[in-house]
Amino acid sequence: MTGPLIPMGIIGQGWDLVIALLIGMAFGYVLESAGFSSSRKLAGIFYGYDFTVLRVFFTAAITAMVGLLYFGYMGWIDLSMIYVNPTFLIAAIVGGLVMGLGFIAGGYCPGTSMCGVAIGKIDAMVFTGGMFVGILIFSEAFPLIQGIYESHSLGAVKVNEVLGLSTGTFALLLIIIALLTFFITRIVENKVKKVEY
Amino acid sequence: MTNSNIIDRSKRYTNPYLSGFLLGMVLLATFYITGRGLGASGAIKSTVVATVATVSESHAAGSDYYSKFISDDSHPMNNWLVFQVIGVLAGAFLSGALAGRLKLKVEHSPKITSRTRLIMAGIGGLLFGIGSQLGRGCTSGTALSGMASMALAGFIALLTIFGGGYLFAYFFRKFWI
Amino acid sequence: MEFKHPNRSFVAFVVIFILVIVIGLLTINKPDLKYQRTTDETLVHLILNEDEMYPEDLVGIIEMEEPGYAIIDLRSPYEFIKGHIRGAVNIPTNSLLDKENLKEFKRYASDSIAVILYGQTQLEANGPWMILKQMGFDNFKVLLGGYHYFSTGPLDFYDMPEVPEYLVEEPACDYYGIMEELGNVTNEETEAADQPQVVMPVRKKKESVVEGGC
Amino acid sequence: MNKAYYILAVFLLLLGIGLVILPDREHYDEASPRELLSDLRNPSRFISTDKVAEMIIDQDPTLLLVDVRDMYDFLDYSLPGAHSIPLEEILMYNWVDSLSYDRSKIVLFSNSDILADQAWILLKRENHNNIHIMKGGLNCWFETIIQPSPPAETSADEEIDLYQFRKGASIYFLGGTAAVEQETGSQTVVVKRKNKTKVVEGGC
């Protein structure tokens, strides 16, 4: 069976939401069991006392990327049908910085705040509420921001195309970067004073 | 804090690399099934849009931004993401229950009060909400899924979110350590 | 360190993942036949139109017994026995890509022997010819008009009409003229509006064909 | 540091190196030569001029007629409702969407069927579905639909029915819809044609 299954019409519309629920459960379970429901653990990455986020995040991205590339190579999945997020340069950079500020202030990101909500973290609930208001504000102020939101569109480009590398080379490069990061963060973590939380 | 304390805690959470690997598998399965990655902020956006549309339908239809998601009711991913986030809540609850982490509390650094922490969380959520719309997705939707599919947007999001975090980390240090 | 020992299940998971990939790579169904040309390159070749064999030239080749040519009959063995072009080898279309035939084709290519493909009609040979062309066999030509024309039509250089019958892609009649002429009989007004206004002057000389052709 | 981490890191590196050194397999999504060859022998790749005429008269919304001849020929004469995509342009990016739209029946035609067949093979290799060739092309169209020759008086009923259908269709294509309504027989004949076998194809 060549994936992706739903766009190929192999799985019917009725099963969509059941699968969404199951995938969500797996996602939530893994995030929570990794400790992503704790804002202080998440914030650790910025102060060097806990790099769990980075490890989980990098490992996940690399596993999925390598898996996707091999699946595509073996013809199990049609890579051309995989959604590639479009790049709007200015909006992406400004949005990312605002998210970074929100991350350090609130200690969560949307997915992890959901995990926090599920196990009863009140700060996570407040964070989610804040996010709700934030999206509301954004939507109301959209006419003001529209210019930034839609400027510098690069289309759905892949990073290896921008860098002029082949997919495989870029994947290898990213793996090496990730392994180095894992190694360095381990040293940093050992040097930084432990924080009790 | 004693050494045994740390080892004790380490037993509570799964090995991060194993978690990452499993998360990667979940992401891979999501790509295999839906052709898109995971997401979280999209679900909240759907909730916002739905709420606004319920309160004042004409306002939602008139707004440039809401109308993108209302008129386009054949946009299945919105609905999909809502169910996925419900799944996240259920999965996280299950994991928390199994590990005995279910407890209603405010987690904060001993140097600040719960109140400060909640205010900061609210502000953070607000900023994250705005940023996720501007950046067309959050850490899971754009950065993680985008990296896996090698989208440029994913790497920009990764660098700016964490870069932004490090940039502002100094000013917020007293809230965390 | 918080996590000294990656537990066994972790290593097991990773090993399984790698095994899946390795098994996948080993069982990958490699296409045994490969295209040497992309569709775009093929299209460029098609437009250049170099690989057509005119029936009257083929007659010359057979008469003179010119070396460096092979003729392949793509029809069924039954049709082949009933009659075929002199010197032709019978390779029915469905066994075109059999191993031994491909080996033979490669030999032709290395000996730079031009191979002429034909079927009952030109259309019958067109598909096989295009497939081989995309696989990089440049020495294959297709016989215009097919066996049907070759066995029944006039093959003399001097006897050929201006537009020989085997050029099947030539319009058999002046379409526009006919539509105009017949259309006027039934309905005068709509016809004029419906038809595109551009009339190519080239068409004029084809009018002689109209009377005989359609 | 634990040894297991080194082993895992090496695994990951090996996978990465594997991605770099694996030979290119970009065209795996194309139809292989063998698939193409077997597709060639599938009679459903052709569609008769009668069927095309019927679909045009019925104003079948799924029909997409594609004229693969060059622009001059198209401007000179083409089938009603046909789109012009010359063979040279058939692979161009701007046609991909309309040529891979699943719900339509795409019918390629040229003066005969050679050009259409060439376009068909190229598109088929790129895995387009629902693509057909109008058998015999416009030459056959004129021979069978526009100027049908009457059958011998002794021919079978089917053949006479076919002739009547073609006669009606001819009037339709020459004179517009008004003429068809005059020709009372034609509409009923169209219905009768539905279960017709291929016994009575035209001469082309």
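In chain D, five strands make up an open sheet whose order is 1-5-4-2-3, with parallel pairing; strands here are DSSP runs of type E with at least two residues, helices are runs of H or I with at least four, and both are numbered from the N terminus, while two strands count as paired if DSSP finds at least two bridges between them. Strand 1 (46–47) and strand 3 (83–84) of chain D each have a single partner strand and stand at the edges, so one side of each is left without a neighbour in the sheet. The model is predicted, so that local features need pLDDT of at least 70 and side-chain atom pairs count only at pLDDT 80 or more, whereas totals for chains, interfaces and linings use all residues. Side-chain values use heavy atoms, with hydrogens and water left out, residues are numbered from 1 along each chain as its sequence is written, and chains are lettered from A and ligands numbered from 1 in the order in which they are written.

Within the chain D sheet, strand 4 (residues 105–109) and strand 5 (residues 131–134) pair in the parallel sense over three bridges, and Leu108(D) has Ile133(D) of strand 5 as its bridge partner. Helix 6 (residues 114–125) of chain D packs on the sheet and touches strands 4 and 5 of that chain, its direction making about 170 degrees with that of strand 5; axes are lines fitted to C-alpha atoms, for helices over the stretch in contact, and angles run from 0 to 180 degrees between N-to-C directions.

In chain C, strand 5 (residues 140–143) is covered on both faces, with Phe140(C) and Val142(C) buried on one side and Lys141(C) and Leu143(C) buried on the other, where buried means under 20% relative accessible area, exposed over 50% and partly exposed in between (1.4 Å probe, protein chains only). This strand pairs in the parallel sense with strand 1 (residues 52–53) of chain C over two bridges, and Met53(C) stands opposite Leu143(C). Three bridges also join strand 5 of chain C to strand 4 (residues 114–118), again in parallel, with Ile116(C) and Lys141(C) as bridge partners.

Turning to the nonpolar cores (buried Ala, Val, Leu, Ile, Met, Phe, Trp, Tyr and Cys residues joined through side-chain atoms within 4.5 Å), the largest has 124 residues, and those touching the most other members include Phe46(A), Leu23(B) and Phe128(B). Helix 4 (residues 52–73) of chain A gives this core its largest share, 16 residues.

Key. Contact = heavy atoms within 4.5 Å.
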